[in-house]
Structures are given as C-alpha cells and as structure tokens.
Amino acid sequence: MQSPLPVRDGVNATRLRLPDEGPWDTAMDYMMHRWGHIDPQGIEDRFDAGEIVGEAGIPLDRATPLRNHTFIWYYRTLPPEVRIPVELDILHQDEHLLVVDKPHFLPTTPGGTYIQESALVRLRNQLDLPDLIPMHRLDRMTAGILLLSTNPETRGRYQVLFEKRQVQKEYECVAAAEPSPGHPAVDFPVVVRNRMTKSRSYLLAEVIDGEPNAETRIARLRTFPGPGPATPAGQSATNAADGDTGRRALYRLEPHSGKTHQLRVHMASLGLGIVNDAFYPQLLDKAPDDYSKPLQLLARGIRFVDPITGKPVEYRSGLELSEAR
C-alpha cells in the first residue's frame, strides 16, 4: 500500500493498522494505549499539527473515530545515532539502477537501532533519491555488491528477475582449510542442500528434516597460512572452525536460493565456520562491533540479463576480505 506521506530525511513514514474494535473511541486513544507511556505529549502534538494521516493523506485530529480508518501513517521521532565508521562506494548509476559496494557493519535497510545509519537511508539522502529501494538485501555483517532500484516505473521488471531466480550471485569467504574435528573431509567443489528455517530462539537459522529448500555450491579457491600459534586456539572473537591455528582457505559460494544466513549455515555444516562469524557454528555473547574483525563474507558479484536492454550484465565488488592473504 502506497504511503500518502513522502519520504522524509531518507526514511519512510510508518504505517499502523488500527484495530476493528476495542475499548478505544478514537485513533488517538489507540495510539496512547500503544505508545502513550513513552511520549504522550508528542502524540497529542502530532494530532494537533495534522502530522498523522489516513488513506489519501487525510489528516486526523484528536477526535477522529477509530472506525474511520484502517491504516494511518506518521513519522517516527528518530533517536540520535552514532555514525558507523564505514563508507559506501558507488559502482554504477543510471536511470533504472544503482549499484554499490556495501561495507561490513552497515545494514541494508533501516531497522532496530539503525535508521539513518543504513545503506538505504544514507544513499537516499546523499543522492537525493527518495524513491530508492533495494532489490535484495545483504546482512549487516556481509559486505559487497548491492543493487537498488532508482525508478519506480521499471522496478517491477527487475524484481521479477529475483523472484524467478534469474539473478546469479557469487560470494567469497575465508574459513578453515580443513573441517573441524567431528566433520568428514570435503571433496570440493561440493553442493550443500538441506531444509532451513528461522529458529524460534534469537535470530538464528537452523537446519531441519524435510525437503531441501536451500542450496549452495562451494568451491575452495586457494589455501594459505592461518594467523599462527601466537593466537590462542578457540579464540571466541573469530568463531572459526580451526581454532585459528591451522591453515585457512578462500572459498567461492554460489547460492541457488536465498534463505536467511544460508551461506553461514552451509559453511558451518561442513565444519568450516566463516572467520569472525558470531552466530555459527556457535552463538557467541553479544558484544560491541569490533571494526577490526569483520565477518569474512563478501558478495563478490552479481549477473543477469538486463530486462530493459536485453543484454547480459555483471557487477563485481572492488572490496577484499581482510583475512584473504
């Protein structure tokens, strides 16, 4: 549903669905029930200023009955954010697409404690493109190629490519050269297929029994020495399968599906947890971001047949994994 309010400061207005019934006479009564304990005066001021609107942009006031609207829109009060010390590189821009290199630690879209400090909001403000929308997402801790649509009129033609899996993605990661104890040796290249679902605990994904819905082809590109015995084995900050004392390797990952944390889960399932992964194979205690130890996972490239020109295109990241020697 299209918002009747424009993007402001790079951020979309928030949409709220009002209940069909309840002990609230007005829309403001319901908002007070939801958020009055946080900022009751701010809610009243917004209604008085006509900053809360319904369908077609109709302003609501304090007396607007609850039943008059199904959805309402308003701008959230954004808390101050500390700037994440990373920068986006623009690789390509035309009337339809924007292609950027997203750094580690920067989320793709606003959420949680990151609103202004997201790739989408930064780019909307930097380029004055309020209609900018990402065509896919990268995890906050994953770096690399990110495609965004700059044109609402042609956006659907690119979205169809992703929906029909007509976009080929290539990733790289650094992990142990050999599986951790308890896992069998791997004959590369290997295809990992299993059934994944979001766990009920925390943000993790997990493998369950059933028909496979996730597939990744994994190839080992080259091996090289690890950090050496000076680094304590099993150092929790890296979560690497080899305890950080053995050899490491650079891997190419080609996903044929797009489940949450798929690449991280598939590598961990082989006993090859990606270096600096705080989730897999073991969930580590939450800690402040350590910008010197980014997750060693990079979206290296993306290719598809452009639906506007009919020509094959490919975009490649200019970033490098810090542990890929």
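Author: The model is predicted: local features need pLDDT of at least 70, side-chain atom pairs count only at pLDDT 80 or more, and totals for chains, interfaces and linings use all residues. Residues are numbered from 1 along each chain as its sequence is written, and side-chain values use heavy atoms, with hydrogens and water left out.

Reader: Why is one space called a cavity and another a pocket?

Author: On a 1 Å grid over the protein atoms alone, a cavity is a set of points where a 1.4 Å probe fits but cannot get out, whereas a pocket is an open set with protein on both sides within 12 Å along at least five of seven lines; lining residues have an atom within 4 Å of a point. Grid points are joined across faces, edges and corners, and a volume is the space filled by probe spheres set on the points. The structure holds 1 cavity of 30 Å³ or more, and the largest cavity has a volume of about 40 Å³.

Reader: Which residues line the largest cavity, and how do they divide by class?

Author: The lining consists of H136, I145, K169, E170, Y171, A299, R300, G301 and I302. By class, there are 4 nonpolar, 2 polar and 3 charged residues; Ala, Val, Leu, Ile, Met, Phe, Trp, Tyr, Cys and Pro count as nonpolar, Asp, Glu, Lys and Arg as charged, and the others, Gly among them, as polar. β7 and β12 each supply at least two residues of this lining, and β12 gives the most, with 4 residues.

Reader: What is the volume of the second largest pocket, and which residues are closest to its centre?

Author: Its volume is about 380 Å³. Of the 16 residues that line the second largest pocket, Q2, S3, V7, N12 and I133 are the closest to its centre. The lining has 9 nonpolar, 3 polar and 4 charged residues.

Reader: How do you know that E44 forms a salt bridge with R62?

Author: A salt bridge requires a side-chain nitrogen of Lys or Arg within 4 Å of a carboxyl oxygen of Asp or Glu. The closest N and O atoms of E44 and R62 are 3.8 Å apart, so the pair meets the cut-off. The pair links distant parts of the chain, with E44 in helix α2 (residues 40-48) and R62 in the loop between α2 and β2 (71-74), 18 residues apart. R62 is called partly exposed because its relative accessible area is 38%. In total, the structure holds 16 salt bridges.

Reader: Which other salt bridges have N and O separations of 2.6 Å and 2.8 Å?

Author: R122 pairs with E117 at 2.6 Å, and both residues are buried. D277 pairs with R264 at 2.8 Å; D277 lies in the loop between α5 and β12 and R264 in helix α5, 13 residues apart. Both D277 and R264 are buried. R83, E87, E117 and R122 are linked in a network of salt bridges.

Reader: Why is the aromatic pair of W24 and Y30 called edge-to-face?

Author: Rings of Phe, Tyr and Trp (its six-membered ring) pair if their centres lie within 6.5 Å; planes under 30 degrees apart count as stacked, over 60 as edge-to-face and the rest as tilted. The structure holds 8 aromatic pairs. W24 and Y30 lie 5.0 Å apart centre to centre, with 75 degrees between the planes, and therefore count as edge-to-face. Both W24 and Y30 are buried. F105 and Y291 also form an edge-to-face pair, at 4.8 Å centre to centre and 75 degrees between the planes.

Reader: Why are F105 and Y291 assigned to their accessibility classes?

Author: F105 is buried because its relative accessible area is 3%, whereas Y291 counts as partly exposed because its relative accessibility is 40%.

Conventions
Buried < 20%, exposed > 50% of the residue type's maximum accessible area, 1.4 Å probe, protein only.
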